[in-house]
Every structure is written in C-alpha cells, then in structure tokens.
Amino acid sequence: MGRSFAALLVLALASGCTVQTADGDGDGKRRLPVRIEVPKRSTPPADDDPKPSATPSAPAAAPAAVLWSRGDSGRDVRELQARLRQVAWLYDGPTGSYDDLTERAVEGFQGKRGLPRTGKTDTVTWKRLVNMTHEPGKWELYLMGGQPADAPDARCLTGRVLCISKTSRTLRWMIDGRTVRTVPVRFGSVGTPTREGVFSVYWKSRHHVSTLYDSPMPYAMFFSGGQAVHYSADFAAHGYAGASHGCVNVRDEAAIAGLFAQVRNGDKVVVHW
C-alpha cells in the first residue's frame, strides 16, 4: 500500500492534479485531500520577446582632401600640369595657374579611372597620377616659359644691353643696370649652337625670312653673323621641346614687338651661362 501511494504521489506531481486518499488507509481515520500545484512554465507573449539589437553601421568615409582647384597657382600646380601632360590629358602649359583647361584635364583623368569627376585635385587623384608618371624635370615644368631669371652677368650692368642667360633661358632688356623687361628664350641645338660672348646689334629686320632655312624670323635683331634675337612661332607652339638653328627665339610676340621698338643698332648683346 505504501508503494502504491508513493507512485500515485509522483504521478500527481507530474500532472499537477488533486490527489485524495481512500476513506481509510488502515487506521480508520479520514484524510484531508492533499492538493499539490506544480508551477507551469509560462511563455511570454510574442510582443514581449526581446528585439535583436541593430548592428551599428560603419561611419561613411570622409571625402578625400582637396589639394588644388581652379583659381590656385604656384609651383605645385605647375607640377600637376606637367604630369597631366605626360599622360596626354593636357597639351598646353604648364603655366602654374589652375585654369579651365587644367580643371577639364583633371576631370577627364578622374572619370577614366573611376574617381569622382570633380575637376579638383584631391589626395586620391594626386596619388594615382603620381604613380603613373615620373618626376618632371625643370624644363618640363617650364616648358612654355615662366621660369625665374638668374642674376645678370656683370657685363650687363652698364649701358643698354640685351642680357641673355643660357642657364635660366631668359633675356633681360637692361638699361644702366635696371631690368626693363624679362622674357623666356630658346637657343640653338647641339649641332647649331648659339654663340656666347659680347656682341652688338648691327641690323634690325621687322619682316625677315631666313634665306638659309626659308623660315620666318619676324622682329629680327642680328648680333652675330646670321644669329639674331627674333620671334618664333614654333617656340610659341612647342616650347622647349624644340630648338632654333642658332638664333635666340622669343615666344611672346607682344614682348618681342616691344623690344624691337626700343632696341637700337649698336646696343650691346651679352650671351652667357
């Protein structure tokens, strides 16, 4: 009997029901019913389920810093233009001024390489361009002129002088030690070098044409045989990528016209390093 009651009690605990013994269990006494409650596991409503926390999104990358844009100028812009020339995105210059041509060249370079087409040179654009090009040399940076002139030769400090430096490739028009005008110039090639020394202007010819090379030499000021200072359309178009046949070329037609009007026969010419 004891074992039967124990088994019944276990079953009651498992089922959570009310268990009552028989009217008597041998001692003749009536037993009160024994109620055993088994707590049930409650499942929270679906609305109470905890929501998974949202994964925070990564912060947007900051835009690349802009190094140069339209309106800027200087040596760095000149290098940018020289490098753009190397990859055939710019044909003029370098001028050192970030103009509309430079802006369009940068925009084209960016678009070709999948970069944002802003026309502004940012750090990403600059790094890509540097990796594709070489360090420009001095005469790539100053292909079309604009380079600073070096100090005048001592022989240029008195009188009226066309002071011409092969080192800086510049011509100073000087009067009594004062520089009136400075222009970039180009010289002869290795095979036809421009002579160095002290000379004087002996003939001026406004509409001269070379009888030896059949090429125009406007505003020619002859100083040594057939060598003269004169305007060169080829220099204006191609810069230092070319050379003369020995003459001193000027690419700025307005500048050489002004010099031609001021220089007189007999004025000194000094060609030096």
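1. With 80° about the S-S bond, the link between Cys156 and Cys163 is right-handed. The two sulfur atoms of Cys156 and Cys163 lie 2.1 Å apart, and under the rule used here, in which a disulfide is a pair of cysteine sulfur atoms within 2.5 Å, the count comes to one disulfide. A disulfide is a covalent bond between the sulfur atoms of two cysteines. Cys156 is buried, as is Cys163, where buried stands for under 20% relative accessible area, exposed for over 50% and partly exposed for what falls in between, with a 1.4 Å probe and protein chains only. Another cysteine, Cys247, counts as buried because its relative accessibility is 10%.

2. Please keep in mind that this is a predicted model, in which local features need pLDDT of at least 70 and side-chain atom pairs count only at pLDDT 80 or more, while totals for chains, interfaces and linings use all residues. Residues are numbered from 1 along each chain as its sequence is written, and side-chain values use heavy atoms, with hydrogens and water left out.

3. One cavity of 30 Å³ or more is counted, and the volume of the largest cavity is about 30 Å³. Here a cavity is a set of points, on a 1 Å grid over the protein atoms alone, where a 1.4 Å probe fits but cannot get out, and lining residues have an atom within 4 Å of a point; grid points are joined across faces, edges and corners, and the volume is the space filled by probe spheres set on the points. Cys163 belongs to the lining of the largest cavity, together with Asp150, Ala151, Pro152, Ser165, Thr170, Arg172 and His272. Strand S5 (160-165) and strand S6 (170-175) are the elements that give two or more residues to this lining, strands being DSSP runs of E with at least two residues and helices runs of H or I with at least four, numbered from the N terminus.

4. Val270, in strand S13 (residues 268-272), counts as buried because its relative accessibility is 0%. Val270 and Val161 are 109 residues apart in sequence, yet their C-alpha atoms are 7.1 Å apart in space.

5. Seven aromatic pairs are counted, on the rule that rings of Phe, Tyr and Trp (its six-membered ring) pair if their centres lie within 6.5 Å, with planes under 30 degrees apart taken as stacked, over 60 as edge-to-face and the rest as tilted. The rings of Phe199 and Phe223 have centres 5.4 Å apart and planes at 50°, so this pair is tilted. The pair links distant parts of the chain, with Phe199 in strand S8 (residues 197-200) and Phe223 in strand S10 (residues 216-224), 24 residues apart; both Phe199 and Phe223 are buried. Ring pairs also join Trp139, Phe235 and Tyr240 into a cluster.

6. A charge is taken to sit over a ring if NZ of Lys or CZ of Arg is within 6 Å of the ring centre and within 35 degrees of the ring normal. Arg169 lies over the face of Trp139, at 4.1 Å from the ring centre, and the charged end of Lys204 sits over the ring of Phe260, 4.5 Å from its centre.

7. Some backbone details deserve a look. Gly93 and Pro94 are joined by a cis peptide bond with omega of about 5°, and Pro94 is placed in the loop between helix H2 (75-86) and helix H3 (100-112). Asp176 is a residue other than glycine with a positive phi, near 50°, and Asp176 counts as exposed because its relative accessibility is 60%.

Definitions and conventions
On a 1 Å grid over the protein atoms alone, a cavity is a set of points where a 1.4 Å probe fits but cannot get out, and a pocket is an open set with protein on both sides within 12 Å along at least five of seven lines; lining residues have an atom within 4 Å of a point.
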